[in-house]
Amino acid sequence: MAPDRPQTILLPVRRRTIVASFAVALVLNFLPWPQLALAPDFVALALAFWCVRQPRVVGLASAWGLGLLVDAGNGVLLGQHALAYSALAFCAIALSRRILWFDLGGQMLHVLLLLEGVQVVALGVRMAAGAEFPGWSLFVGPLGAAALWPVVSWALLLPQRRAAADEGAL
C-alpha cells in the first residue's frame, strides 16, 4: 500500500496550457544542441506527460501531428518521429493509470522505458531506410529526459494547482 501523501484536487487543464507546453518543447527540440544524441527529446517528454495526465485530450492524433512537425523541423525521414511518438502515446495512454499510482521515482522509471522505446522505434525506421547505426550514445538522451520528469510534472501541473489554491481563497 502506498504511503499516505497529501492529495490535491487539480482543476481541469486548459487546452492553451497543453498547446503552449508543446510549443515550448518544439522550440527546445529545435535548438542547436552541441551533442544532438545526448539532448533530451522534449517533445516526447511533454507528449508522455500529457498522455499520462490527460489521455482523453492528448492522444494518437496529437502524437502523429507532433511527430510530423519534428520530422519536418529536423529535416529527417518523414514519419519516423510520427510513428515513434504514436507508439509512445499508445503505451503512455495504456499505462496512464498504472504510472500515476507510483511516486515520482517510479514514474521516472516508466517514462525512461517509454522514451527509450521512442528511440528504438525511430532508430528502426532510420535503419530500415538504409541509415547506419549512430552509436549507443543515442540511448543517453532519454536518461536526461527521464531525470527532468519531476521538474516537468511540477511545471505543467502548476497552472492547475495555482488555480485551485486561488479558488480556495475566495
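Phe42 is buried, with a relative accessible area of 14% (buried means under 20%, exposed over 50% and partly exposed in between, using a 1.4 Å probe and protein chains only). Keep in mind that this is a predicted model, where local features need pLDDT of at least 70, side-chain atom pairs count only at pLDDT 80 or more, and totals for chains, interfaces and linings use all residues. Residues are numbered from 1 along each chain as its sequence is written, and side-chain values use heavy atoms, with hydrogens and water left out.

- Phe42 sits in helix H2 (residues 42-53); helices here are DSSP runs of H or I with at least four residues, numbered from the N terminus.
- Val27 belongs to helix H1 (residues 15-30), and it counts as exposed because its relative accessible area is 52%.
- Between Phe42 and Leu113 there are 71 residues in sequence and 15 Å in space, C-alpha to C-alpha.

**The second largest pocket**
- A pocket is an open set of points on a 1 Å grid over the protein atoms alone, where a 1.4 Å probe fits, with protein on both sides within 12 Å along at least five of seven lines; lining residues have an atom within 4 Å of a point.
- The second largest pocket has 19 lining residues, and Leu36, Asn74, His81, Gln119 and Leu138 lie nearest its centre.
- Helices H3 (60-74), H4 (80-94) and H6 (104-128) each give two or more residues to that lining.
- H6 gives the most to the lining of this pocket: four residues.
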